[in-house]
Amino acid sequence: MSKPGETWEERCDAPSRAGYIERVLQEHTGANGVFGAVVMWSYFERMLQLLQEVGEYNRFSRAELLAELFNRPKYVWMRRRNRVEQAVSWAMACQTGVWAQKGGVTSQPSAPPTFDFKVIDEWCNRIAAHEAGWANYFRENQIEPMVLYYEDIVTSHRTTAERVLEFLALPLPHRMEIPAPAVERQANEISAQWAASYRKLKTKQTSKIRQIAQRFRI
């Protein structure tokens, strides 16, 4: 994704934004005609803004624009059942600078992680807001996405791949081996301790707020 204020053509030295989009679609569309992209909610509005600034797309609404550009795309909504663990993961990554761990590669953290209730709580709220944003987008545009949960993918990536192919109405090639994910799960004993500590403190905070609210009602 582009930096704030930066355009795609500037970042990739493309002749124009339309030219950049055409190049991306050509280079990343598979032999079966499928193009896929991962977009986080925090980048979604910026992506749409950059697309709508292309002359031929500025007359479309958000969902109409994507339907026009990607020929009626299908949406796969990846979520996590456990928002606290996701918040802990992101809070830890922000401190260490390690956002992904590839198999067989040991990433060196830029700094040791330190538990911070406020930071984790902010991430929990942000995750909830992002999920609400996607839910509203799908509801307003009458889109039925396929919902995938991170926890299920970790349990069985092959089953997940088969479900996605079925959702896309694509056949699974005979005897095709689906490789294990290149990125390893980063959850460890420390992240589990952080999650437990956060829940304990959050319960106390919620209880205190309720007590204060009760006093004011009286």
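**Labels and their cut-offs**

Modeller: Serine 191 has 12% relative accessibility, so it counts as buried. Buried means under 20% relative accessible area, exposed means over 50%, and partly exposed lies in between, with a 1.4 Å probe and protein chains only. This is a predicted model: local features need pLDDT of at least 70, side-chain atom pairs count only at pLDDT 80 or more, and totals for chains, interfaces and linings use all residues. Residues are numbered from 1 along each chain as its sequence is written, and side-chain values use heavy atoms, with hydrogens and water left out.

Colleague: Where is serine 191 placed, and what is it in contact with?

Modeller: Serine 191 is in helix H9, residues 189–217. Contact means heavy atoms within 4.5 Å. Leaving aside neighbours within four places in sequence, serine 191 is in contact with Val88 and Met92.

Colleague: How do you know what to call a helix or a strand?

Modeller: Both are DSSP runs: helices are H or I with at least four residues, strands are E with at least two, and numbering starts from the N terminus. The protein chain comes to 9 helices and 4 strands. From the N terminus, the order is α-α-α-α-β-α-β-α-β-α-α-β-α. Buried residues make up 28% of the 218 residues.

Colleague: Why is H5 called oblique to H6?

Modeller: Helix H5 (residues 83–96) and helix H6 (residues 117–140) pack at an angle of about 120°, with their axes 8 Å apart. That angle makes H5 oblique to H6. Under 35 degrees counts as roughly parallel, over 145 as roughly antiparallel, 65 to 115 as roughly perpendicular, and the rest as oblique. Axes are lines fitted to C-alpha atoms, for helices over the stretch in contact, and angles run from 0 to 180 degrees between N-to-C directions.

Colleague: Which residues meet there, and how many are nonpolar, polar or charged?

Modeller: Arg83, Val84, Gln86, Ala87, Val88, Trp90, Ala91 and Cys94 in H5 meet Val119, Ile120, Trp123, Cys124, Ile127, Ala128 and Glu131 in H6. The contact of H5 with H6 has 12 nonpolar, 1 polar and 2 charged residues. Ala, Val, Leu, Ile, Met, Phe, Trp, Tyr, Cys and Pro count as nonpolar; Asp, Glu, Lys and Arg as charged; the others, Gly among them, as polar.

Colleague: Why does valine 98 count as buried?

Modeller: Valine 98 has 11% relative accessibility, so it counts as buried. Valine 98 lies in the loop between H5 and strand S2 (101–102). Neighbours within four places aside, valine 98 is in contact with Ala93, Ser107, Gln108, Pro109 and Gln186.

Colleague: How do you know that S1 and S3 pair?

Modeller: Two strands pair if DSSP finds at least two bridges between them. Strand S1 (residues 76–79) is joined to S3 by 4 bridges, and the two run parallel. Tryptophan 77 stands opposite valine 147 in S3.

Colleague: Which residues of S3 are on its covered face?

Modeller: Met146 and Leu148 form the covered face of strand S3 (residues 146–149), while Val147 and Tyr149 form the uncovered one. In a regular strand the side chains alternate between the two faces of the sheet.

Colleague: What phi does arginine 72 have, and why is this residue called exposed?

Modeller: Most residues other than glycine have a negative phi. Arginine 72 is not a glycine, yet its phi is positive, about 55°. At 67% relative accessibility, arginine 72 counts as exposed. Arginine 72 lies in the loop between helix H4 (62–70) and S1.

Colleague: Why is alanine 169 called exposed?

Modeller: Alanine 169 has 62% relative accessibility, so it counts as exposed. Its phi is also positive, about 60°. Alanine 169 is in the loop between helix H8 (157–167) and strand S4 (183–184).
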